[in-house]
Structures are given as C-alpha cells and as structure tokens.
Amino acid sequence: MGTAFSCTVRAEPTPSLRRALDAAEGLLHHVDEVFSPFRPDSAVSRVRDGRPVPEEWQPELREILALCADAHRRTGGRFAAWHSGVFDPSGLVKGWAVERAAVLLREAGAEHVCLNGGGDVQLYGGPWRVGITHPLRPGSCAAVVESPGGPLAIATSRPGERGCHIVDPRTGAPPTDGLASLTVTASSLTEADMLATAAYCMGAEAHGWLGTLPGVAAFAVMPDGQTWTSGNG
C-alpha cells in the first residue's frame with residue numbers, strides 16, 4: 001500500500017495476542033499483495049488488464065467490489081473505483097485493511113488498540129488522543145481528536161507532496177476548490193476512509209454533505225488556513 005503502519009496495544013502480552021500481532025502484520029502484507037495498484041501481479045492489476053484473478057483472492061475481491069459499488073451509490077458518484085477505465089480501489093482498501101487488522105487484535109483480547117496506516121487510524125478502547133497534522137504548518141497539529149472509549153476511526157485526505165492525487169470521478173481532475181486537508185471520523189475506518197476521499201472531491205460542498213451523515217464528524221483546513229467542523233460523531 002506504499003505507506004508505513006504502526007500499532008499500539010495496551011494489554012497483557014498473552015500468547016494469543018502475540019499470535020494476533022503476527023496475524024495482523026501478515027494480513028497487511030497480504031492486502032498489499034492482492035490490492036496494490038503498483039504490483040504487476042496483484043488482483044487490481046489483473047482486473048485492469050483483463051487477466052484472471054487467482055481463485056483464493058476472489059472472495060476478497062468480490063467484497064471490495066461490493067463495498068466500492070455501495071460507496072459509489074451513496075456518494076452520488078463522488079467515490080469511484082474506476083477512473084477513466086482504470087481500476088483503483090485504493091481510496092477504500094487501506095481503511096478496510098487497517099480495520100480488519102485491528103479487529104484481529106480486538107478478538108484476541110486486546111481492549112485498547114490503536115492501529116495507524118499512513119495517518120488513518122482505527123481505535124478501540126481508550127482513552128486515546130490523536131493529533132491531526134497541520135497541512136500548512138509542518139511539525140504542528142491542526143487539531144486533536146480525543147477518544148475516551150472506541151471504536152473510533154480517523155481518516156484524512158489531502159494533496160500529496162507532489163500535488164493532488166485525488167481525482168473527482170465526475171471531471172477526471174482534482175477539485176478546483178480543494179481543501180488543504182479534510183479529516184473524517186466514524187466508528188469504522190472502512191467508512192471514514194471512503195467518506196474522506198469522496199468528500200474531498202466535493203470541495204466546498206463537503207461541509208454540508210458531511211453534516212447530513214449520522215455518526216460522522218469532520219474537520220477541514222482550507223487553503224487560506226481557516227477551518228470548519230461538521231457533525232458530532
């Protein structure tokens with residue numbers, strides 16, 4: 001997935017938890033193998049090229065395709081796994097993978113889990129405090145999210161260091177009124193990651209749209225440094 005992952009668990013280091021940590025790491029490597037858009041033999045590359053996908057990967061691929069189709073419907077087309085004929089479900093897969101890995105730790109008995117995948121975070125238990133990087137002031141936080149007791153997921157969409165990589169599926173180009181950064185919180189990181197991607201594409205429309213979604217909150221930094229918040233999730 002081309003990013004760094006970190007994990008913090010507050011729990012007794014039981015044998016089952018150690019096995020779950022290994023399983024969570026293995027799961028993240030597995031998801032990268034199957035869904036990386038950069039690996040020539042991943043399922044994503046095979047779908048793009050019209051090549052067959054190994055049978056053992058097909059259940060996960062069907063799950064991702066179903067989630068992407070549902071996200072496309074719910075966001076009015078702002079989230080799309082297909083761009084100009086190219087298949088790329090990355091806007092949803094990372095959150096889905098991190099959430100699945102965190103669930104493995106939770107099911108092994110860890111009550112307090114913080115799993116971070118490239119700045120997108122799934123929390124269980126707590127309390128936790130998560131800083132949101134300020135997009136215009138390197139080295140400082142724009143806000144702090146406090147979670148007294150999860151589950152809580154935090155996902156941020158923003159332009160990369162080499163420009164905006166988030167494309168509005170309706171135009172095939174980055175939003176003309178794009179935000180400096182947009183952070184979305186929900187109980188599920190699969191949901192928060194998808195919503196952050198779709199809402200970023202909306203630009204100024206994101207504020208009103210996110211405010212209609214139950215259980216969802218958002219924090220945005222605009223290019224001039226002003227901020228806004230939405231929801232109370």
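Tutor: Let us begin with burial: a residue is buried under 20% relative accessible area, exposed over 50%, and partly exposed in between, with a 1.4 Å probe and protein chains only. The model is predicted, so local features need pLDDT of at least 70 and side-chain atom pairs count only at pLDDT 80 or more, while totals for chains, interfaces and linings use all residues. Residues are numbered from 1 along each chain as its sequence is written, and side-chain values use heavy atoms, with hydrogens and water left out.

Student: Are F35 and W96 buried or exposed?

Tutor: Both F35 and W96 are buried.

Student: How is a pair of aromatic rings described?

Tutor: Such a pair is described by the distance of the centres and the angle of the planes. Rings of Phe, Tyr and Trp (its six-membered ring) pair if their centres lie within 6.5 Å; planes under 30 degrees apart count as stacked, over 60 as edge-to-face, and the rest as tilted. Helices (H or I, at least four residues) and strands (E, at least two) are DSSP runs, numbered from the N terminus.

Student: Why is the pair of W82 and F87 called tilted?

Tutor: The ring centres of W82 and F87 are 5.0 Å apart and the planes lie at 35°, so the pair is tilted. W82 is partly exposed because its relative accessibility is 44%, whereas F87 is buried at 0%.

Student: Which charged end sits over the ring of W128?

Tutor: The general criterion is that NZ of Lys or CZ of Arg lies within 6 Å of the ring centre and within 35 degrees of the ring normal. Here the charged end of R10 sits over the W128 ring, 4.0 Å from its centre.

Student: Which residues have the most contacts inside the largest nonpolar core?

Tutor: A nonpolar core is a set of buried Ala, Val, Leu, Ile, Met, Phe, Trp, Tyr and Cys residues joined through side-chain atoms within 4.5 Å. The largest has 55 residues, and those with the most contacts inside it are F35, L92, L182, V184, L210 and W228. Helix α5 (residues 189-202) supplies the largest share of this core, 10 residues. Another core, of 9 residues, lies apart from it and includes V121, L123, W128 and I132.

Student: In which sense do β4 and β5 pair?

Tutor: Two strands pair if DSSP finds at least two bridges between them. Strand β4 (residues 112-117) and strand β5 (residues 120-124) pair in the antiparallel sense over 5 bridges, with L115 opposite Q122 in β5. Their hairpin has 2 residues between the strands, and G118 takes a positive phi near 60° there. Strand β1 (residues 5-10) also pairs with β4 in the antiparallel sense, over 6 bridges, and T8 stands opposite C114 in β4.

Student: What does the side chain of Q122 reach?

Tutor: A polar contact is a pair of N or O atoms within 3.5 Å; within protein, one must be able to donate a hydrogen and the other to accept it, and residues adjacent in sequence count only if both atoms are side-chain atoms. The Q122 side chain reaches the backbone oxygen of S187 at 3.2 Å, and one of its polar atoms lies 2.9 Å from the backbone nitrogen of L189. Q122 is buried, with a relative accessible area of 0%.

Student: Which side chain does T183 join through a polar contact?

Tutor: The side chains of T183 and T156 are joined by a polar contact of 2.8 Å. T183 lies in strand β9 (residues 181-186) and counts as buried at 3% relative accessibility.

Student: Where does S157 lie, and what does its side chain reach?

Tutor: S157 lies in strand β8 (residues 152-157) and is buried, at 6% relative accessibility. Its side chain reaches the backbone oxygen of A196 at 3.4 Å. With contact meaning heavy atoms within 4.5 Å, and neighbours within four places in sequence left aside, S157 touches I166, S181, L182, A196, T197 and Y200.
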